[in-house]
Structure formats: C-alpha cells, structure tokens
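Good morning, everyone. Please have a look at the model on the screen, and I will walk you through it.

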Amino acid sequence: MPALMAVIERQQFIMGEEVGRLEEAIARLSATRYGIACASGTDALLLSLKVLELRPGDEVITTPFTFFATAGAIWNVGARPVFVDIDPVTFNMSVQAVEAAITPRTRAVVPVHLYGQMAPMEDLLALAKRHRFALIEDAAQAIGARRRIEGHWRMAGELGTTGAFSFFPSKNLGAWGDGGMIVTQDAALADRLRTLRTHGGAKQYHHDEVGTNSRLDTLQAAVLMAKLPRLSAWSAARRAHAECYTAAFAGLGALVPPAVDPANEHIFHQYTIRTPRRDVLRQRLTERGIGCAVYYPAPLHLQPCFRELGYEPGAFPEAERAAAEVISLPIYPELPGEARDRVIETVRKVCA
Ligand SMILES: *Cc1c(COP(=O)(O)O)cnc(C)c1O
C-alpha cells in the first residue's frame, strides 16, 4: 500500500520510475541485459515477433499444446503458425519434431516453457544457429526457472533472441491486473522494442515505424516490485508441494505425475498429472470443493480459427493425448498442509 500511495501522490501513472526499476530487476533475474515492460504477456510475444519483420508466408514453428496467445501472436503479425508435436514426458515441444518442420521459410521458433519447466534450449539454440532463425522464448509460465547447460545454470529468457514474461495475476509473479515484460541481450533490439511499445516513435510525435500502445502501468510495476523479493521463496514452496504430491502418488496405476527433466529446476506454475480417469477425477475434485483445471483441453491445431492451416485430428497424437488426459492440481505457495492432504486423498481414491 505505501508503494501504491507513492505512485498516487506523484501521479506519474505512465512510465513512472517504478517501471524502469522493475525492468532492471527482471533483466537481472533472468540474466539478461535489457527488460522492456509492456501491457501483457501476449504483447511481449507480439512485439518480439513484430521486430522480426515477418512477411506473409513466413513460418514460425511452435507447439499446439500451450495457451492460445502463443499461436495467436504469430498469426497476428501475419506469419504462418507451424505446429509440431510435444515430448509426452515434459509436455514441451519435441526438438526432433522442430528439426523435421524446418523449411527455407522458417523465420522463428517459439518454445513454451510449459507449466514452469524449461524446454531444451541448448538443442533449440543449435538448430537456430544452423538454420538462422530467431528463438522467441514464451516464458510466461517460467519466470525464474532455470536449466543446467554445460555445467552452468541458464535462466528462462536468457538464451533466446527475446524472452516473454506475463504478469497475469495467476502467474508465479502476478500483478493486480495485466502486465508483461520482454527481456533480451541485444541493445539494438531493446531500443526498437521500446520504440514499438510507444507507437514507433523514439521522439514524441515523430514516427519511424508503426508501433502500438503497450506499456505497463506504474501502479502495476509498484505491485510487482513489492512482490518480487518473495518470488524465489514462493517458487521453492511450490516445489515442496510438488514433491509431496509426487511422493504420495507413487505406485498409483492410473496416474502419471509430472516428470522433471534432471537438467531443470522447475518452478511448478502448474502441477499437472495425466490420468485416463481425468474427467471422473475432475468431477470428484469439484464436488469436494477442490479447485482444479485442465490446461489445455483443445490443442491449437484443431481450433476453428486455424482451420485454414489444414491440420486434421491425429496430426499431433501426443498433444491430442495430453489434452485428453491432463489435469492440474492446487499448488499455490500458501496451500495449507491439510488442504494438500485432502487433494491427495481424493486423487488416490480415483486413480488407485
Ligand atoms: C499467460 C500466458 C500467455 C499470455 O500472457 P497474458 O499476460 O495473459 O497476455 C502466453 N503464453 C503462455 C504460455 C501463457 O501461459
């Protein structure tokens, strides 16, 4: 409240000093040089793709098993989303499938660090270098996640051309409204992104290119700065809940707990199990007043809006199977032990 009151007293609601401080802090957290705040995670993806100056027919490879915004942003910059199947163990995009989908028109790949676990960036980077495409990390669910590559921890957002974060209230670092951030190591890209978020003009009323209005409110930056010091403890609490769940679910025939790639430190934005009894489980949990959700029930290649891309059911069997089997359980940091036990008891009854 004092941080919000300070903004209200000063009344610099647009691009106040808190925004710059948050940009520096998020850049530091993700081991990048520049942070560019914007209005949402969706806009962080959209602006990241817009700087690539894609032309109609240019292809951007991504996963069909993600939140809609990933593919929506590709479509909205006028490029063609090219979907590839997922690795059924981590739910992240399959690198072999990416490699098989590369064509001379491939301009970018958008890996999504789904549920808070990083995709194999080292393999994707090798492909990006060989085939000269941009790597836009959709890190909306993965702020602070990291992966050990050649003996070093590398952060979500650190290795891509750009990384996109979301501060949607339910994300691990949530604002009190919408918000987003782009991070990058590239000074020229950072400059252009800053220009693009204020209508494409570095100087007021002079426009070098057509941008948009996509800024983070100063009030939201103040909220996020107040919450940021707690983020790593919150992520650790999520990991502790995940460990409890996974231990309690050992040996259940009809349940596969989430797998953590040994190279990864997972931040468990979601704790997502798979079970063929998903719909019964969802019903039981709901009856007992236990929150749960299916992320995501319909893979993107089968969405009506992408019909003209020509994908048929069966095109990506792993993504389609995941959509039919996944369910996410409560994992927020403050989840009380007794509540967690009630979740475990209910899940064990259904999936034994
Ligand atoms: C939340 C999310 C987005 C979009 O972020 P918004 O801030 O809601 O616009 C994009 N991609 C993924 C994977 C997300 O989870």
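This is a predicted model: local features need pLDDT of at least 70, side-chain atom pairs count only at pLDDT 80 or more; totals for chains, interfaces and linings use all residues.

Now, what does F67 pair with? The ring of F67 pairs with the ring of Y296. In total, the structure holds 14 aromatic pairs. For F67 and Y296, the ring centres are 6.4 Å apart and the planes meet at 40 degrees, so this pair is tilted. A stacked pair would need planes under 30 degrees apart, and an edge-to-face pair would need over 60. The two partners come from distant parts of the chain, 229 residues apart. F67 is in the loop between β2, residues 59–62, and α4. Y296 is in the loop between α10, residues 278–287, and α11, residues 317–325.

Is Y296 buried or exposed? Y296 is buried, because its relative accessible area is 12%, and the cut-off for buried is under 20%.

F68 is partly exposed, at a relative accessible area of 36%. F306 is buried, at 2%.

Step back to the rings as a group. Which residues form a cluster through ring pairs? They are F65, F67, F91, Y115, Y295 and Y296.

Y295 and Y296 are joined by a cis peptide bond, with omega at about 10 degrees. Most peptide bonds are trans. So mark that bond on your copy.

While we are on the backbone, look at phi. Most residues other than glycine have a negative phi. Which residues here have a positive value? One of them is E53, with phi near 50 degrees. E53 is in the loop between α3 and β2. This residue is partly exposed, with a relative accessible area of 48%. Another is Y205, with a positive phi of about 70 degrees. Y205 lies in the loop between α7, residues 187–196, and α8, residues 218–227. Y205 counts as exposed, because its relative accessibility is 67%, and the exposed class begins over 50%.

Now the ligand. There are 15 residues around the ligand, and G41, T42, D138, S166 and K171 come nearest. By class, the shell has five nonpolar, eight polar and two charged residues. Two helices each supply at least two shell residues: α3, residues 41–50, and α4, residues 69–76.

An oxygen atom of the ligand is 2.8 Å from a polar backbone atom of G41. With T42, the side chain takes part: one of its N or O atoms is 2.5 Å from a ligand oxygen. S166 also uses its side chain, with a polar atom 2.6 Å from an oxygen atom of the ligand. How much of the ligand does the protein cover? On its own the ligand has 380 Å² of accessible area, and the protein covers 93% of that.

On to H266. H266 is in the loop between β10, residues 264–265, and β11, residues 271–274. H266 counts as buried, at 4% relative accessibility. What does its side chain reach? The side chain of H266 reaches the backbone nitrogen of F268 at 2.8 Å. A polar atom of that side chain also lies 3.5 Å from the backbone oxygen of G116.

Last, two arginines. The charged end of R146 sits over the ring of W153, 4.1 Å from the ring centre. R284 is in helix α10. R284 is partly exposed, with a relative accessible area of 37%. R284 and K349 are 65 residues apart along the chain, and their C-alpha atoms are separated by 9.6 Å.

To finish, go back to where we began. Find F67 and Y296, the tilted pair. Thank you.

Key. Residues are numbered from 1 along each chain as its sequence is written. Side-chain values use heavy atoms; hydrogens and water are left out. A residue is near a molecule or strand if one of its heavy atoms lies within 4 Å of it. A polar contact is a pair of N or O atoms within 3.5 Å; within protein, one must be able to donate a hydrogen and the other to accept it, and residues adjacent in sequence count only if both atoms are side-chain atoms. Accessible areas come from the Shrake-Rupley method with a 1.4 Å probe; for residues, only the protein chains shown count as cover. Helices (H or I, at least four residues) and strands (E, at least two) are DSSP runs, numbered from the N terminus. Ala, Val, Leu, Ile, Met, Phe, Trp, Tyr, Cys and Pro count as nonpolar, Asp, Glu, Lys and Arg as charged, and the others, Gly among them, as polar. Rings of Phe, Tyr and Trp (its six-membered ring) pair if their centres lie within 6.5 Å; planes under 30 degrees apart count as stacked, over 60 as edge-to-face and the rest as tilted. Buried means under 20% relative accessible area, exposed over 50%, partly exposed in between (1.4 Å probe, protein chains only). A charge sits over a ring if NZ of Lys or CZ of Arg is within 6 Å of the ring centre and within 35 degrees of the ring normal.
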